[in-house]
Amino acid sequence: MDARVSSKVKAVLAARGIGKVVKSGESDLVILRDIDLAVMPGEAVAIVGASGSGKSTLLALLAGLDLPSTGSVTLDGEELFALDEDARAALRGRALGFVFQSFQLLPSLDALENAMLPLELAGRRDAESAAKQMLERVGLGERLHHYPKHLSGGEQQRVALARAFVVEPRVLLADEPTGSLDEASGEAVIALMFELNRERGTTLVMVTHDEHLAARCGRIIRLSGGRIVA
Amino acid sequence: MRGRLRSAPGLNQSDAPAPHGPARGTVWLDERLTSALGVKPGGRVKLGNAEFPVAAVLTLEPDRGANFFNIAPRLMMNKDDLPATGLVQTGSRVYYQLLAAGERKDVDEFSAWARERLGRGQRLESLENARPEVRNTIDRAQSFLGLTALLAAVLAGVAIALGTRRFVERHLDGCAVMRCLGVSQSRLLALYASEFLMLGLAACAAGCVTGYAAHALIAQWIAQLLQAQLPAATALPALQGFLVGLVLLLGFALPPLIQLKNVPAVRVMRRESGAPRGGAIAAYAAGFASLAALLLWQAGDVKLGAIVVAGFAAAIVVFVAAAWLALRVAASGALARSIGARSMALRLGLASLRRHSRSNAIQVASLALGLTAILLLSITRADLIGAWRRAAPPDAPNRFMLNIQPDQLAPLKEFFASNAIPMPDLYPMIRGRLAEVNGKPVSDRDFTDERARRLIEREFNLSFSAESPAHNRVVSGRWFDARAGGRDEVSMEEGLGKTLGLKLGDTVRFNIAGEPYVARITSLRALKWDSMKVNFFFIGEPAALERHPTSWITSFRVAPEHEPLINQLAARFPNLTIVDIGAALKQLQTVLDQVILAVQFVFLFALAAGLLVLYSALVATEDERRRETAVMRAFGASSAQVVAAQRTEFAAMGLVAGLLATGGALAISAVLARRVFDLELPSNGWLWLAGPLAGLVLLSVNAWLSSRKVLKVSPALTLRDTG
């Protein structure tokens with residue numbers, strides 16, 4: 001971690017000329033066009049815009065969860081779309097953490113198993129102890145064996161944060177992390193997220209339509225009609 | 001009338017349907033008589049006072065009975081020529097037969113009408129009361145068809161339940177939104193119920209059309225084989241089809257749909273709320289009960305229906321419990337730990353197996369149910385048909401030899417030995433009239449049943465033997481023990497007991513050439529009438545019967561090359577009656593082959609239902625797996641990890657499902673073979689290998705297809721879809 005913080009100032013995540021076009025009936029629908037973006041290590045960037053402006057699509061492309069129609073993305077020095085899907089997944093496992101609006105916890109796994117998942121996928125033998133520690137850090141040490149349906153929305157999002165941070169990612173991608181939460185829970189989750197971010201020197205890229213939340217990030221990128229407008 | 005006479009211009013020449021019988025002044029001889037008399041078409045035969053030219057060789061009489069004491073070679077003549085022969089006069093034994101065929105309703109009406117008017121010596125015969133050897137075949141075919149139909153219906157029910165469950169899971173969100181918007185629960189239920197009802201009506205209509213088309217196809221095909229026209233299908237099956245289809249749909253689709261109406265509106269806020277509850281057991285039980293009642297009514301065979309319905313109900317419960325237990329043990333035991341230590345993918349697969357143990361148990365139980373039906377139908381079908389053929393094998397005896405005198409036994413054995421023909425088993429035969437039952441005299445007037453009256457009127461053929469014949473099975477009581485003073489004991493055929501109202505423990509008194517023979521019935525035997533072996537209604541203890549005048553009887557098979565020996569045998573022992581039952585046997589084999597063909601065609605429908613269940617069970621958890629895979633991919637799982645995890649999970653499930661299905665299929669087939677089909681099944685040890693292997697292969701292929709499918713779609717898209 002220290003090595004990363006002290007590394008030369010070079011974008012940890014960069015997009016060049018990213019575009020996304022999907023077929024919609026007979027015509028083509030342009031979701032994103034010609035997006036250039038560079039995120040420096042340790043930076044906190046908010047992507048804001050109205051619904052349908054292409055925020056979530058951009059986030060999915062930055063993570064390599066979807067394929068762009070044009071352009072390229074570099075993550076941690078590696079050209080994402082030059083890799084095959086498996087290599088992209090491995091890179092994600094190494095370098096990225098995710099927080100989704102709808103949490104995306106697996107309902108058949110309890111809190112601990114959900115947090116262990118990325119570690120298990122990476123073949124880490126200390127998966128259980130590391131996940132336990134992380135859950136204690138987010139305040140869920142007493143609820144390790146509760147299933148998602150028995151947790152509140154705020155608690156579920158904290159499990160999701162634990163799952164995201166447990167692999168100590170270089171970049172955390174958050175898609176409307178408070179979108180499914182009430183104000184108090186949302187505030188608690190955001191506070192925790194920024195705290196962890198600072199603690200671990202993680203780079204944060206967050207999609208949100210909440211201007212207050214965006215203002216807490218160092219930089220705001222505005223999207224409109226699939227383009228960066230500011 | 002069904003079928004056509006066929007004749008040929010000469011012996012061993014190709015035959016053709018005959019538009020009518022022999023013309024006036026001519027006769028037709030069948031092949032056996034033609035060769036026995038050494039007369040060719042064009043030659044002349046003398047019949048009573050008249051002489052006729054032989055016009056053709058009679059090759060097929062579809063209406064010919066095969067009661068073997070009545071299958072002397074055939075001569076067919078024109079009825080108008082009969083008076084000239086002088087054959088019909090006082091003391092002649094002449095039988096008249098009226099053959100009737102038609103719509104079932106008309107035939108039933110005619111039977112009821114005729115039964116009331118039957119005079120002395122007249123009887124009404126049908127497949128149900130004539131020809132025991134063919135009846136067995138038809139009964140078993142009916143049972144197998146009943147089984148096939150029952151299985152198809154049960155499987156369809158399971159497929160509907162599984163399919164609806166998935167439908168419900170996919171519509172939960174929509175329902176929650178509608179509840180938010182103020183739609184009442186009853187309206188929600190009415191909405192989906194009417195949608196299902198319309199779908200059900202359309203599906204039933206499509207099913208009926210397919211059914212009639214298949215019937216037409218089978219009818220045409222069988223008509224070619226039988227050279228007979230089958231009656232057209234009536235409207236009743238369509239009505240039954242609709243009824244069964246709708247009961248299946250409502251019985252198995254309504255319980256999950258009721259869960260849909262119970263979705264709380266809060267699910268709009270919290271997706272975890274209002275997931276379908278596993279326990280709608282009461283609703284499912286009601287569906288199953290109504291289906292069971294309908295099936296029992298429709299199958300018409302209560303025993304078969306009860307075995308299948310109860311067998312499958314028990315199987316569902318046992319399968320779910322056993323699958324849950326087996327998956328937990330497989331995934332969490334020391335085995336899983338040692339396997340998991342070697343491979344992360346295996347560990348993930350086994351962990352997933354443990355975590356999904358409840359939904360996986362349902363999936364495994366459904367798979368096991370589908371596999372059970374397929375194994376039951378396909379493998380036991382082969383067993384049943386094999387056993388069926390063995391009961392009337394192609395090498396069954398084709399000659400009966402009667403009236404062998406005790407002093408002829410030694411020279412007869414010598415004759416067989418000198419011609420290198422294996423000596424058949426010889427059975428003693430004593431003729432006796434049944435005089436009393438439990439001390440009361442019996443008379444034919446005591447019975448209303450025509451067959452019972454004929455039996456009482458005639459002399460019975462009694463036999464004696466220290467051991468029960470190998471092709472007989474004692475079904476109640478016990479075989480007498482000669483050493484323990486079994487002199488006054490007799491064994492009776494169970495069917496005769498039903499006809500004459502005799503039971504175990506009754507004392508019977510026979511009159512054998514003026515001498516009494518009194519014995520108590522101490523065992524009942526089941527016989528295989530279609531085995532073409534010598535069978536007796538009563539078998540007594542040797543010491544009690546051998547002092548009575550005895551002749552001997554046997555049945556044996558004569559290979560075509562040994563046919564001339566029969567003539568030598570007849571010449572050397574002129575008092576013997578040698579009956580050729582080859583023609584009857586051939587007819588029986590033909591009926592058997594045709595019935596088997598028809599049965600196999602219907603079997604395909606049930607097989608399709610079994611496959612439908614397998615498919616429904618496999619896609620039931622597809623949505624959940626897609627989402628899980630997408631999340632795993634987002635957190636860095638490689639495709640190899642996804643594939644290996646799914647393969648491990650599915651392979652374990654396939655193995656468990658295969659094992660359960662094998663046990664289920666073997667248990668149900670054993671009960672069916674004994675209780676319904678009356679057949680001995682060979683042991684099927686290899687099924688324990690084939691069943692689990694089938695499950696393993698099937699689910700491994702599914703794992704491969706399923707992971708290919710989830711890996712093809714980008715994780716972002718899946719996560720967005722499954723939100």
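Student: What percentage of the 723 residues of chain B count as buried?
Tutor: This is a predicted model, in which local features need pLDDT of at least 70, side-chain atom pairs count only at pLDDT 80 or more, and totals for chains, interfaces and linings use all residues. Residues are numbered from 1 along each chain as its sequence is written, and chains are lettered from A and ligands numbered from 1 in the order in which they are written. A residue is buried if 20 or more other C-beta atoms lie within 10 Å of its own, exposed if 12 or fewer, and partly exposed in between, with C-beta atoms placed from the backbone. By that count, the buried part of the 723 residues of chain B is 35%.

Student: How many helices and strands does the secondary structure of chain B come to?
Tutor: Helices (H or I, at least four residues) and strands (E, at least two) are DSSP runs, numbered from the N terminus. For chain B they come to 21 helices and 17 strands.

Student: Of the contacts in chain B with a separation of 6 or more, what percentage is accounted for by residues 24 or more positions apart?
Tutor: Two residues are in contact if their C-beta atoms, placed from the backbone, lie within 7 Å. Among the chain B contacts with a separation of 6 or more, residues 24 or more positions apart make up 82%.

Student: Does helix α12 of chain B lie largely buried or in the open?
Tutor: Helix α12(B) has 10 residues, 409-418. The number of them buried is 1, so α12(B) lies largely in the open.

Student: Which residue with a positive phi follows α12(B)?
Tutor: The phi in question is near 55 degrees. The residue that has this phi after α12(B) is Ala420(B).

Student: Which residues does Asp81(B) touch, not counting those up to four places away in sequence?
Tutor: Asp81(B) is in the loop between β6 (75-77) and α2 (82-85) of chain B, and counts as partly exposed because it has 19 C-beta neighbours inside 10 Å. Its C-alpha atom is separated by 6.5 Å from that of Arg24(B), 57 residues apart along the chain. Leaving out residues up to four places away, Asp81(B) touches Arg24(B), Gly25(B) and Ala50(B).

Student: In β16(B), which residue is the bridge partner of Met401(B)?
Tutor: Two strands pair if DSSP finds at least two bridges between them. Strand β7 (399-404) of chain B runs antiparallel to β16 (551-556) of chain B, with 4 bridges. Strand β8 (427-437) of chain B is also antiparallel to β16(B), with 3 bridges, and there Pro428(B) stands opposite Trp552(B). The partner of Met401(B) in β16(B) is Thr554(B).

Student: What is the order of the open sheet of 6 strands in chain A?
Tutor: The pairing in this sheet is mixed. Its edge strands, each pairing on one side only, are β6 (96-99) and β10 (227-228) of chain A. The order is β6-β7-β8-β3-β9-β10.

Student: Which residue stands opposite Leu223(A) in β10(A)?
Tutor: Strand β9 (219-224) of chain A runs antiparallel to β10(A), joined by 2 bridges. Opposite Leu223(A) stands Ile228(A).

Student: Which residues in α6(A) does α4(A) meet?
Tutor: α4(A) and helix α6 (153-165) of chain A pack at about 30 degrees with axes 7 Å apart; axes are lines fitted to C-alpha atoms, for helices over the stretch in contact, and angles run from 0 to 180 degrees between N-to-C directions. The helices are therefore roughly parallel (under 35 degrees; over 145 is roughly antiparallel, 65 to 115 roughly perpendicular and the rest oblique). From α4(A), Ala111(A), Asn114(A), Ala115(A), Leu117(A) and Pro118(A) meet Val159(A), Ala162(A) and Arg163(A).

Student: Which element gives the most to the side of chain A that touches chain B?
Tutor: 28 residues of chain A are in contact with 23 residues of chain B. The elements giving two or more residues to the chain A side are α3 (85-95) and α4 (111-121) of chain A. With 7 residues, the one that gives the most is α3(A).
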